[in-house]
Amino acid sequence: MRKALALLVAAGLVFGVVATAAAAPKPAVMFTDDSGDADVGQGLGGSIPGGWDLTEGTIVKNGANLEFTVTHADMPPSGTVGEATRFLWAFAVNGKNYRLTVKSFDIGKPDVLQQQTTERVGRADVNGHFRLEGECFRDATLPVNMINCPPLAYLEGSFDPATKSFTVIVPMKSVKAKPGSVVAPGGGENVAICSICWVSHYAERSLNNTLIDTAAQTVSYKIPK
């Protein structure tokens with residue numbers, strides 16, 4: 001009996017170790033923002049709550065990916081309104097700047113003026129559009145200054161009405177990250193429009209955009225092993 005009990009205890013300890021090892025990693029909070037401070041009365045036809053009210057942003061390593069999750073006071077805009085607004089998050093990995101652009105709905109359009117790729121022309125992203133962009137630069141050749149951020153990848157992601165959030169899955173290899181790399185606040189022209197924000201989508205890269213709600217990444221995330 002004593003031997004059997006010892007075996008059960010040992011088995012329980014092993015199971016406990018396995019369960020602990022398999023526990024999901026805890027997301028790290030990169031920014032928080034007050035609820036109720038979004039301004040959607042700028043001709044966009046919305047009112048608070050309107051889905052653009054940022055409250056929190058997190059990053060977590062999940063396998064070979066980084067998951068960026070952004071939570072709101074209420075559900076982010078869905079459907080065709082995605083063509084009117086977009087979300088931006090500028091960040092840096094190992095000193096190189098990147099930017100996420102997220103929309104709930106998107107139709108691929110040619111952009112010959114800004115020399116961006118046109119491989120998405122004719123494609124519609126009805127369940128959300130999640131784009132990784134590289135080092136942005138300012139184009140002052142037109143009467144209105146534009147910020148051009150070349151697309152690096154079109155990512156997987158999802159909107160979750162239950163948690164009033166969306167998540168973007170960024171493969172670590174797409175930003176040349178590895179365990180020990182640091183995801184820091186963005187810089188350079190990648191923050192020319194904002195560091196983190198919901199912004200009007202007309203004249204997409206114009207510096208005359210209307211900011212709806214803004215936040216700032218206040219800490220860095222060191223990617224664990």
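Reader: Which residues touch the most other members of the largest nonpolar core?

Author: This is a predicted model, where local features need pLDDT of at least 70, side-chain atom pairs count only at pLDDT 80 or more, and totals for chains, interfaces and linings use all residues. Residues are numbered from 1 along each chain as its sequence is written, and side-chain values use heavy atoms, leaving out hydrogens and water. A nonpolar core here is a set of buried Ala, Val, Leu, Ile, Met, Phe, Trp, Tyr and Cys residues joined through side-chain atoms within 4.5 Å, where buried means under 20% relative accessible area, exposed over 50%, and partly exposed in between (1.4 Å probe, protein chains only). The largest such core has 32 residues, and those touching the most other members are F68, W89 and F91.

Reader: And which strand gives that core its largest share?

Author: Strands are DSSP runs of E, at least two residues long, numbered from the N terminus. The largest share of this core is four residues, and they come from β4 (residues 85-93).

Reader: Is the C136 and C149 disulfide right-handed or left-handed?

Author: Both cysteines are buried. C136 sits in the loop between β8 and β9 (137-139) and C149 in the loop between β10 (146-148) and β11 (151-154), so the bond ties together parts 13 residues apart in sequence. The torsion about its S-S bond is about 110°, so this disulfide is right-handed.

Reader: What about C194 and C197, right-handed or left-handed?

Author: These two are both buried as well. Their S-S torsion is about -70°, so this disulfide is left-handed.

Reader: Which residue in β13 is the bridge partner of F159?

Author: β12 and β13 pair in the antiparallel sense over five bridges. For F159, the partner in β13 is F166.

Reader: Which side chain makes a polar contact with the side chain of S165?

Author: S165 is found in β13 (165-171) and is buried, at 5% relative accessible area. A polar contact is a pair of N or O atoms within 3.5 Å; within protein, one must be able to donate a hydrogen and the other to accept it, and residues adjacent in sequence count only if both atoms are side-chain atoms. At 2.6 Å, the partner of S165 is T163.

Reader: Which residues is G128 in contact with, beyond its sequence neighbours?

Author: G128 is found in the loop between β7 (124-125) and β8 (129-133), and counts as buried at 14% relative accessibility. Contact means heavy atoms within 4.5 Å. Leaving aside neighbours within four places in sequence, G128 touches K103, S104 and F159.

Technical notes: Pairing = 2+ DSSP bridges. Disulfide = S-S within 2.5 Å.
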